[in-house]
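Me: I have a structure to go through with you. Can we take it piece by piece?

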Amino acid sequence: MRIGTQISAPEGFGQLVKNVFYHCLDNNFKRPNVLLVQFAWEPNRQPRAVLLKMPREDFEAAIDQELIVVTEKQPTLPLWLQELEGQNLWSKDGQRKGSKIHYYDRVTRRLNFLGPALESLPEILDAEDVVGRISAIARSVAPPQNETRYRLWLLTYLCFGRNVWALHAPFHQIGRWDRESSSTRKLGAPSKSYGRHYGHRMTESIGERCVKAYLRYVKQGRKMTDIYAEAMIKEFGCQSITAGRFGLEVYVHPNGLPFPTARQFRYRVEKVLGIETVQVYRYGKTRYRNKK
């Protein structure tokens, strides 16, 4: 079995989990163990490479019994780059006008750092502590490299056919982070009147309810604050109370369920419907046109 071959265990085997892919790093019959690599990656997270050892006898027996099988489709790029499969990555640099550093320069730089490890590959694979040996080389190159990242580069390069583009960073993922679905706390500017941590996180469900409530209670000439007040009571089940020495009107939910602040309500409505639509509802078409 060649270095980099992707395998799986359809029903699991030993420490191999079903529905997870692994790559063969070393299958030299002179060594007692087979080395496997599992690549792990989630969107918006750093990729990781985990090195696994399996006794050769167990591995070969599992192959014979088809408990471990070679996957039908062999990828040419790692998980975090699979959207780029089949693309001409050499042409990407030509499409980036005014870029100071080309993609190819970046991957070549990483490959140069891997030079000492590639030259010492037989010694690395023979080592009792393969991870420790790779880490030692990462510390010895100039300038020293992060050990975890260096190991990821090396194992990725080896397991994907020594393709230099396997060292490419997932720049195509930039800008895809969704702050609303990814965050676990309230976002946006803190409230000066109600307190820095007042309010709840806006979710997609709450946002949809805001828009539906607005459309249900909006009338020409009606202020957003009045629409919000009715929506909080009738749609979100809140109660209005006066709190503090300055007589602030505060909404509370008797069951502690989340609800939007007035600012969140307005922002979501204007984001979905557009400011123009909201202003037409508020002032009417004629006044809005004249004002515009």
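Reply: One term to begin with: buried means under 20% relative accessible area, exposed means over 50%, and partly exposed is in between. The model here is predicted.

Me: OK. Is Tyr104 buried, exposed or partly exposed?
Reply: Tyr104 has a relative accessible area of 33%, so Tyr104 counts as partly exposed.

Me: And Trp165, buried or exposed?
Reply: Trp165 is buried, because its relative accessible area is 5%, under the 20% cut-off.

Me: How many aromatic pairs are there in the structure?
Reply: The structure holds six aromatic pairs. One of them is formed by Tyr104 and Trp165. That pair is tilted, at 6.1 Å centre to centre with 50° between the planes.

Me: Where do Tyr104 and Trp165 lie?
Reply: Tyr104 is in helix H3, residues 103–119, and Trp165 is in the loop between H6 and H7. The pair therefore ties together parts that are 61 residues apart in sequence.

Me: What about Tyr228 and Tyr251, what kind of pair do they form?
Reply: Tyr228 and Tyr251 form an edge-to-face pair, 5.6 Å centre to centre and 90° between the planes. Tyr228 sits in helix H9 (residues 224–234) and Tyr251 in strand E7 (residues 248–252), so this pair ties together parts 23 residues apart in sequence.

Me: Are those two tyrosines, Tyr228 and Tyr251, buried or exposed?
Reply: Both Tyr228 and Tyr251 are buried.

Me: Which residues do ring pairs link into a cluster?
Reply: Phe39, Trp80 and Phe160 are linked into a cluster by ring pairs.

Me: Switching to His168. Where is that one?
Reply: His168 is in the loop between H6 and helix H7 (179–182). With a relative accessible area of 7%, His168 is buried.

Me: What does His168 touch?
Reply: Leaving out residues up to four places away in sequence, His168 touches Trp80, Leu81, Leu84, Tyr103, Val107 and Arg110.

Me: Now cavities. How many of 30 Å³ or more?
Reply: The structure has one cavity of 30 Å³ or more. The volume of the largest cavity is about 30 Å³.

Me: Which residues line the largest cavity?
Reply: The lining is made of Leu25, Leu121, Ile124, Leu125, Val130, Ile134, Leu154, Leu155 and Leu158. Helix H4 (121–126), helix H5 (130–140) and helix H6 (147–159) are the elements that each give two or more residues to this lining.

Me: How many of the lining residues are nonpolar, polar and charged?
Reply: Nine are nonpolar, and the lining of the largest cavity has no polar and no charged residues.

Notes:
Residues are numbered from 1 along each chain as its sequence is written. This is a predicted model: local features need pLDDT of at least 70, side-chain atom pairs count only at pLDDT 80 or more; totals for chains, interfaces and linings use all residues. Side-chain values use heavy atoms; hydrogens and water are left out. On a 1 Å grid over the protein atoms alone, a cavity is a set of points where a 1.4 Å probe fits but cannot get out, and a pocket is an open set with protein on both sides within 12 Å along at least five of seven lines; lining residues have an atom within 4 Å of a point. Grid points are joined across faces, edges and corners, and a volume is the space filled by probe spheres set on the points. Helices (H or I, at least four residues) and strands (E, at least two) are DSSP runs, numbered from the N terminus. Ala, Val, Leu, Ile, Met, Phe, Trp, Tyr, Cys and Pro count as nonpolar, Asp, Glu, Lys and Arg as charged, and the others, Gly among them, as polar. Buried means under 20% relative accessible area, exposed over 50%, partly exposed in between (1.4 Å probe, protein chains only). Contact means heavy atoms within 4.5 Å. Rings of Phe, Tyr and Trp (its six-membered ring) pair if their centres lie within 6.5 Å; planes under 30 degrees apart count as stacked, over 60 as edge-to-face and the rest as tilted.
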